Amino acid sequence: MNKKIVLGIVLCAVSISFCGCSWAKSFSEDDTKTVATYSAKIIAKYNKNQKDGIVEVTEEDKAKVTSDDLKALEALAQANNSANTTSSKSKSSSSSNSTAETKPAVSLSSALGISGVDFTYLGNEVRDNYTSTVYDMSPTSGYKFLVMKFRVTNNSGANTEVNILSKNPKFKATLNGTVSANNDMSLMDNDLATYKGTLNAGESKELVLLFQFKNEDLANIQSTSLQCTVAGSTSDITL
């Protein structure tokens, strides 16, 4: 057998046996010993300077390396290459399935589990502070409020209690698809996250969600998205 081919097989086997890749774990202890032994013997067989190395392999050991040994090495290498290919395909498939299982965006009323009322997104604005009839809220230094505004309307045809506070929802806003912030909760009477009240049939009320973002993040808002988590279930909200 051509020495270059033999050394190529050996290098491949050595890489397989000592590389830190996760698929190398498929070797049994006996396989690992076999690869190490065969590799050392074959390298020694064609290395004229072997005596200068760490371990000298005797002529008797060299003579024990047969074509069957080489075939065993090749079989081990091919088996683990196949395992690696299968593993890669499996990961790719899992990734595809994960993407396929992404839930579509839902309405805010659906995410909150509140029937009979509709939430309409009215847009957002940036504020240095936010003042309601009772509260005057200020953000942390270097931050501003992103105020997301909603109109909740009772379309049930009867007076309806809207108790969002009992749902204990958590909201997360994302700007330009990269920067996110959780909502600031308050006891303002128009804080959507803590709202509790009764709406007459056909009545509407404007509610807000407040998020703190760094000044520079609010300088150029190109897109805004919203997520709502209730009882451990997170939904993307249609705005």
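Counting as a salt bridge any side-chain nitrogen of Lys or Arg within 4 Å of a carboxyl oxygen of Asp or Glu, the count comes to 2 salt bridges. The model is a predicted one, in which local features need pLDDT of at least 70 and side-chain atom pairs count only at pLDDT 80 or more, while totals for chains, interfaces and linings use all residues. Residues are numbered from 1 along each chain as its sequence is written, and side-chain values use heavy atoms, with hydrogens and water left out.

Side chains of opposite charge can pair when their charged atoms come close. Strands here are DSSP runs (E, at least two residues), numbered from the N terminus. The table gives the exposure of these residues, where buried means under 20% relative accessible area, exposed over 50%, and partly exposed in between, with a 1.4 Å probe and protein chains only.

| Residue | Relative accessible area | Class |
|---|---|---|
| Glu125 | 28% | partly exposed |
| Arg127 | 26% | partly exposed |
| Asp128 | 53% | exposed |
| Lys144 | 29% | partly exposed |

Turning to the sheet, 7 strands form an open arrangement in the order 1-4-9-7-6-10-11 with antiparallel pairing, two strands being paired if DSSP finds at least two bridges between them. Strand 1 (117-127) and strand 11 (233-236) stand at the edges with a single partner strand each, so one side of each is left without a neighbour in the sheet. Within this sheet, strand 4 (residues 143-154) is joined to the antiparallel strand 9 (residues 204-214) by 11 bridges, and Met148 has Leu209 of strand 9 as its bridge partner.

Two loops complete the picture. Ser132, in the loop between strand 2 (130-131) and strand 3 (136-137), counts as buried at 15% relative accessibility. Leaving aside neighbours within four places in sequence, Ser132 is in contact (heavy atoms within 4.5 Å) with Met188 and Asn190. Leu187, by contrast, is exposed, with a relative accessible area of 64%, and lies in the loop between strand 7 (179-184) and strand 8 (196-199).

Notes: Helices (H or I, at least four residues) and strands (E, at least two) are DSSP runs, numbered from the N terminus.
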